[in-house]
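User: I would like to learn how to read helix packing and salt bridges in a model. Please take me through them one feature at a time.

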Amino acid sequence: MELQAVLMAAGGGSRMTDLTYNTPKAMLPVGNKPLMWYPLNLLERMGFEEVIVITTKEVQKMMSTDPKMKLDVKMKLDVVCIQEDGDMGTADALRHIQQKIKTDILVVSCDLITDVALHEVVDLFRAHNATLAMLMSKAHEFTETVPGQKGKKKTAEQRDFVGVDQSGKRLLFMANEADLEDGLSIRKSIMRKHPRMHIKTGLVDAHLYCLKKAVVDFLADNKSISSIRGELVPYLVRKQFSKTTNCPKIKDDAEDQNQKKNDEPHGRQNPLKLCECFIISTPNSPLLQLAQDRSCWNDHRGDMSEAYHGGKLRCYVHIMDEGPCYRVNTLAAYIEANRLAPKLFEEVPVHPSAVISERCQMGSDSYIGAMCQIADKTSIKRSTIGNSTTVKEKVKVANSIIMHGVTIEEGCNIQGSVICSNAVIGRGADLKYCLVGNGQQIEPEGKDHWHEHTP
Amino acid sequence: MVMFSLTPVLDVCTQQQEGKELTKEEKQRLRKEKKQQKKSKEKKDDKPSRDSEKEKKPASAASPAPQTPTQPPAQKAAPAPVPVPASETPSAADKPAKSKAELKAERRARQEAERASKGKKGDVGPQAAPGKPKAPPSELQPVVKRLPEHVQVDNPEVLKKLAKKLERQQVYGCAPNCCGCIPLRSDYGYKVSLFSHLHQYSRKAPLTQQLGIPSTVIHPAIVRLGLQYSQGIVAGSNARSVALLHAFKQVIRDYTTPPNEELSRDLVNRLKPYISFLNQCRPLSASMGNAIKYIKKEISNIPSQCKEEEAKRKLLNCIDCYINEKIVLAAKAIAKYSIEKISDGDVILVYGCSSLVNHILCEAFEKNRKFRVIVVDSRPRLEGREALRRLVQKGINCTYVLISAVSYILPEVSKVFLGAHALLANGYVMSRVGTSQIALVAKAFNVPVLVCCETYKFCERVQTDSFVSNELDDPDDLIVTRTGTTQLEHWQEVPSLGLLNLVYDVTPPDFVDLVITDLGMIPCTSVPVVLRVKNVDQ
């Protein structure tokens, strides 16, 4: 077996708490499909037959009842439940399932919606025998207005600085603005090996990683790393150029460390060095080394060193120039995804079981879920309406997202809003750019602009 | 009187012409019948080989065995075009005494019908062959069946046949719902007509696009290898063979014999689709072909009562021995022989990056020979830079020129060392494109040319030109961007423009003075002797 897929679906959605305090992020409806259906669909299209899903008990319950998941997902899902308290990072979760992992892994986050050709990322991983291969995409501007936030408030997102080499494939540098206090400093050893580096800031990390099995073993021994994106990836990128990686004596060092372990006063440093040996100095098999020596290929030119500068740890990145790639972890992203995801997958605009009266005006880019009831004289434009929603007469819905089980009484006017599941909008209410939480009730004749209704 | 005498003359003339037609036609029909008989008896490749036999006859004086089944029809067919004009007059007398007009009409109708069906099949008679002097005879690849002559690779019928063949090579043990066949890689861009019988792929469209990601159909080590071949990460005859054998070792390690099957037969069948896959990624080299033949032989020779673990261990051992003997030790032996030929004060010219030649020069330098090296390089691969790096790293004094400067630099050169991709059975050396140029210019300057080649690269194929069998690399490699402008960026839109990126060429034995192999230093024409000895050994 070549690659095992791992889907991280235990995230809490900390950046969109209004939506997720009742529904876990993995099951938020996007285009009337649960959010985690999208990465699972991507994996299925690529040919995976089994996926290990790391999630919470609540999500597992919802998964088993959701019709979309049962019917459309034909792969075998091996669900691993972890605690919901949120202390477990993604790397901790990998450590938890270390026993199940027999080969290299492909880690995907549940909030990724994309149609990337996965072979681009995996080919980098295979061809260069890389330790890490990841996917990034040019960030798209969000054009929709976000309810609950007056005006276009540019969130002060911390920027990511990503340094790639001239070919645009080898990852040389990765740091978050928060970690750089004085400025960006780049080690001389990197500059000597790769004199031309392109540093990009407008990239979105798709949180799709191909990792070697040795990395998972390394994580198992090194318990201080808890997040893949935040700690493991920058660590691996840094270690590519670490002096110890290129030192041929590392095996001897490891043995010395072993001996000295009992004598050293601060024994905590030693285990780290030992673990590094796993991923860093795995020697090539002699035949592979022979093939590399005889091959007349080099990944760089201009200096005297061999291919890859003799380094065994290599990190690669594939940057998508065009094509959708969204991480639905903020409200703005959620709204954007709702707008674009159904088009991506050529959803049927109206679910066959929905009951829509003839005098309803429906725009071509609206999506109606199953078992809906839409009464006369309603107008629905550019909106998504979830399953089992009832919309009474003379309602105008525009640019909104309405989740499952919502009841909208007569005469309402809803614009640019997000209405979560099981909410009830009273008669004649007028909502503009509002966010109505789960199970909330809006009084009849209520006028709300730019409001958030959450408990 | 004149009128009367003319008509019989005319009649005779027409009869003679008819006779010509008749006899030609008769001969053609006879030949076709014989051919069809042979077709039903033997395989389909006999028909095109008939023409290829005739064209190769002058060159293949020493051509060895593989064409023995086609020898008898060749002998029959070869005298056919010659005596056709000669035998007209005697056969004119043999004409049956029927009503000539009826016979004429019948035969004309049959001729028309045959011509109509002939045009579709692409079947050619001998009179068509001299009219197409550049027509390439069919390829002789050790792994793939030969395509019929004059059939272009882009012909949809041929593509369909190839796709069916790949489908037939169903991979063992794959689930019934997954498509267990190897995808067909499609050709890219306009191909120059002389090379339209070869495949031309684009590096940006790898074969993995059409495979599922966790490749269950093909062993992951083979997928990795195929990717490394197509992207050029593993390049060079020796490197490719070693990487191939390494991947095969992994395949053998992960292999388990299914129940009711024998390892010796099942494993060979399992390797077949892998080899097709690798062939699609990049056409196999001669050295790889020989390595594959060796492995297949070793696998088939495993006795059936041998246990699986032991059989696997034996195979892995065989592979290690093969690499050790044929590549590593051979390199040492060749280095030893070559060092005798390198004297102090020599100026040695090398072309491109040959792992063997680099090894020789490094060894010679370590043995304290004083020489300097001129590295000749050529676009688009520019492999000479890598050779230059390795030699300079050792401390050898090097000069670097492009191939356009070869005639200017040759007066300084005392010897030329060339590497080889394969040595053909008629003594021709197949090597990177540009090698024959260098050998030619060196010959003109009376500089000795020494080719270094291990014996496992000796190939039973025969070729006299570089068109017949070659490799077309990605044409986009020729595009270069200088000072911000890329002139050839839209080359596909110009209908009369084709980019040709050849990889190999053949050098005639007249230009090569010595071939240094692990068996010793032999002249180019002794290659068939070596092959015969090898065959006897095995």
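Analyst: What follows covers a helix pair and then several salt bridges. This is a predicted model, in which local features need pLDDT of at least 70, side-chain atom pairs count only at pLDDT 80 or more, and totals for chains, interfaces and linings use all residues. Residues are numbered from 1 along each chain as its sequence is written, chains are lettered from A and ligands numbered from 1 in the order in which they are written, and side-chain values use heavy atoms, with hydrogens and water left out.

User: How do I describe two packed helices?

Analyst: Two packed helices are described by the angle between their axes and the distance between those axes. Axes are lines fitted to C-alpha atoms, for helices over the stretch in contact, and angles run from 0 to 180 degrees between N-to-C directions. Helices (H or I, at least four residues) and strands (E, at least two) are DSSP runs, numbered from the N terminus. In chain B, the axes of H13 (residues 355–366) and H14 (residues 384–394) come within 10 Å and cross at roughly 10°. H13(B) is therefore roughly parallel to H14(B); angles under 35 degrees count as roughly parallel, over 145 as roughly antiparallel, 65 to 115 as roughly perpendicular and the rest as oblique.

User: Which residues of H13(B) and H14(B) make the contact?

Analyst: Contact means heavy atoms within 4.5 Å. H13(B) contributes B:Asn358, B:Leu361, B:Cys362, B:Phe365 and B:Glu366, and H14(B) contributes B:Ala387, B:Arg390, B:Leu391 and B:Lys394.

User: Where in chain B are B:Glu383 and B:Arg432?

Analyst: Their side chains meet in a salt bridge (2.8 Å, N to O). B:Glu383 is in the loop between strand S2 (371–377) and H14 of chain B, and B:Arg432 is in strand S6 (residues 429–432), 49 residues apart. Both B:Glu383 and B:Arg432 are buried; buried means under 20% relative accessible area, exposed over 50%, partly exposed in between (1.4 Å probe, protein chains only). A network of salt bridges links B:Arg203, B:Arg381, B:Glu383, B:Arg432, B:Asp473 and B:Asp477.

Conventions:
A salt bridge is a side-chain nitrogen of Lys or Arg within 4 Å of a carboxyl oxygen of Asp or Glu.
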